[in-house]
Amino acid sequence: MYHRYVVVALSRRKPNEGKELTKEEKQRLRKQKKHQKKQKERKNEKGPSETEKDKTPVSLLPPPQPVATQKAPSALPAPASAPIPVPASAPFHSSPAPSPADKPAKSKAELKAERRARQETDRAAKQPGSSSSGIKTKVPLSELNPVVKRLPEHVQVDDPAVVKRLAKKLERQQIPLRSDYGYKVSLFSHLHQYSRKAPLTQLLSIPSTVIHPSIVRLGLQYSQGIVAGSNARSVALLHAFKQVIRDYTTPPNEELSRDLVNKLKPYISFLNQCRPLSASMGNAIKYIKKEISNIPSQCKEEEAKTKLLTCIDRYIEEKIVLAAKAISKYAIEKISDGDVILVYGYSSLVNNILCEAFEKSRKFRVIVVDSRPRLEGREALRRLVQRGISCTYVLISALSYILPEVSKVFLGAHALLANGYVMSRVGTSQIALVARTYNVPVLVCCETYKFCERVQTDSFVSNELDDPDDLMVTRKGKTQLENWQDVSSLGLLNLVYDVTPPDFVDLVITDLGMIPCTSVPVVLRVKNLDQ
Amino acid sequence: MELQAVLMAAGGGSRMMDLTYNTPKPLLPVGNKPLIWYPLNLLERVGFEEVIVITTKEVQKMISTDPKVKLDVKMKLDLVCIQEDADMGTADALRHIQQKVKTDVLVVSCDLITDAALHEVVDLFRAHNATLSMLMSKAHEFTETVPGQKGKKKTGEQRDFVGVDGTGKRLLFMANEADLDEGVVIRKSIMRKHPRMHIKTGLVDAHLYCLKKSVVDFLADNKSISSIRGELVPYLVRKQFSKSTNSPKVIDETHQNLKKNDSNVNLEIQISSRDEELLHLTQERSCWNDHRGDMSDAYHGGRLRCYVHIMDEGICYRVNTLAAYIEANRLAPKLFDEPAVHPSAVVSERCLIGADSIIGASCQISDKTSIKRSTIGVSTTVREKVKVTNSIIMHGVTIEEGCNIQGSVICSNAVIGRGADIKYCLVGSAQRIEPDAERTNEVIVGTDQLMEI
């Protein structure tokens, strides 16, 4: 009620400020006034030039609890307004109107919270008859529990507002925007689809100055598929970050803990443009950012850098190398002599397990199931045969013919979601489903650093679309799908991931032990408590 | 910093002495811009901010003093002079600037005119962590008649045999016909690793190389290599498949052999980088392989890799012969969008200037002249009733009335007397052609510039 009064009061006052002001300037002034008002509320003192506004209604606003609930329904339908692009606040800072005389040095989180709250009020003001109350919060957002997750932008490609926001963000970070390619199947039109023949590097300057050379190299290797597979991508990412940290020098008047994190942000955007980040990479980045922010400010630069480098080495050693050893140890208990093990595609972890089991002289044979267009199973086959394991190779279309012979199925995972679903290469859910019908046990092997807090029940919501031209194959000199773009009713879909429900998975082998699929949230909670 | 650009502009232009005896090759006008402008423009367009230019003192003097030679590039040019008579090859020049080289280098030759997408070459260099990455192009036949050429064009150019793998990117074999005695000899180790190899001839080497810093350091230790194209590149291509680079146990020995001056060992040490274990771990976990069909790992476990990008379409010329020079002049206007007629040229209204002709600055074109498919240089005077077709006129030339110039190259400061009829000739620098002369298919140079035998 009071809030509406305040809003109306402002709008009534607009003509006083001069009709020649443009809409943006008015909005800017409005925001500025609100900010000034908040300043006054905080300090409980009268500002120098705030006589035009009546502040009493503001101070009588109800406490900020409704903010959280308010945000929840408002965030999902209108995620476009929630994150505030920095340019929007820039004109605020440069506006000529008088700013409060003694502006306290606020922390960035508080300023962000204020801006966010201000935007909420603006939006609420635009919606007539909105029953928004108490959106104006005096409490910085960091004090509230971050319960609301916004939709990530990479699953909202068909929303032009989100795309525009992404373009602005990339422009600010001086990273070129990679344009989508080709016709997208309508069910997946909300995802990016890039072409391998149009690399991001053609829009960059050649001695890349904005982005560190090792990051450019990494992005190229991701987009061309030279580094593929969840573990390999994370290790390569951490290796590149080590180079970045080595070459980093703190600019004067800056702190390493804050500046280095800001330096890493455009690199991460760049890598995201080259190929969408995997869950394991996301967790690795979170870890690095946390480690960087935890560097004490009195630490000297050299010391801080060596500390970070050892942290990275330790992370890789613990979460990837030793985890693989632990998982092999558990998994080998499950492999008995005479087993026929089915694997799908290439999973570095499953390959590791099988090679170790073979070294421990278990007698088994392997059936490698493969699928187009990636045909990663060939590489798995090569590595197993190189060790001397006897293998059979089939395509996924022959799955039901071969399953009667199989005694267990070992699958790798790209990520384990918080509701127990397994996200893995497309085709994995097929294997799990058919194995379930044949009553063959399905064991998923996954390190704990790949557990992520996302929840998904189907493969449509969030996925990755690979280059559709990969589906073209040339046999006997003829490429049938060569002109697929000219056929208007034809769309090529090259999905990368799919999710397998936990009912089809019998056991998950992690470095913490062998757990059922539904215990993933427990592990996540324990991990969060540790950190 | 990722890459440093090095421009080799110290070459003498030995294959077109008639043009270069007075003007050094980097400053020959092509489309009224000095030849060196084209690679500099390419580097600038791509985003380089500074270039190391290796050149002779003469060129440096002309660049700084001569107003006609205007290199309007925004990059910072670091000119390094070498002695003209030192007979330094390109590799020797790289060795000379070894102290300035801090990262990987991109070596470009001054006579390269191309509109290639450089990122293709550099992407190969980056993505595969290659030691060498180069650019080549399909050769186009030269269609213009070359002045002064008597008889059929002889295929005196020695052929290059370039072997690439199935993807067309990995360079497996490179040899020049001159180095081969009877036939092309290919080692069995190459055939075992790459059973399908495509051997191509008829490719133009653009002389654009991305080299790792370790190669420059290697050159500093091995003074026997003097030319990049002639010796270094074939050496690196051969070294990809030599046993010493591939066996992993060599790495342990190299740590002990640091003091030895064995060239093989040196290259090996320098290839290995820090965090080798992490890179190795990545490669081990990644499911990518560059070939299939055999049991070996990606790149066959080799640590030295050479890549090539072969352009199918687009302009790529090396202006090192007269024919190439003429061809480049035809195509140069397509590479930049300046107006064909320079604004400061004085052109009378009653002359016919074809659409594909270029008129330089401060020219004076009088009435009733017809200029078709030609390039007129800076400060040239063309009097009345002159017909210029298919020709290249350099700077400061005076063409008197009534001349007819066809298919010729007139070098700077020459004077063509009135009524002369020049067909398919090359008129050297500062030469005078007497009035009413009729020359066909001749090379007219001064007596003091005749080649010493």
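Mentor: B:Lys188 lies in helix 6 (residues 188-193) of chain B; helices (H or I, at least four residues) and strands (E, at least two) are DSSP runs, numbered from the N terminus. This is a predicted model, in which local features need pLDDT of at least 70, side-chain atom pairs count only at pLDDT 80 or more, and totals for chains, interfaces and linings use all residues. Residues are numbered from 1 along each chain as its sequence is written, chains are lettered from A and ligands numbered from 1 in the order in which they are written, and side-chain values use heavy atoms, with hydrogens and water left out.

Trainee: Is B:Lys188 buried or exposed?

Mentor: Buried means under 20% relative accessible area, exposed over 50%, and partly exposed in between (1.4 Å probe, protein chains only). B:Lys188 has a relative accessible area of 64%, so this residue is exposed.

Trainee: Where is A:Lys408 found, and is A:Lys408 buried or exposed?

Mentor: A:Lys408 belongs to strand 4 (residues 408-412) of chain A. Because its relative accessible area is 11%, A:Lys408 is buried.

Trainee: Which residues is A:Lys408 in contact with, leaving aside its neighbours within four places in sequence?

Mentor: Contact means heavy atoms within 4.5 Å. With those neighbours left aside, the partners of A:Lys408 include A:Lys334, A:Asp339, A:Ile341, A:Val440 and A:Leu443.

Trainee: How many helices and strands are there in chain B?

Mentor: Chain B has 13 helices and 32 strands. Of its 453 residues, 56% are buried.
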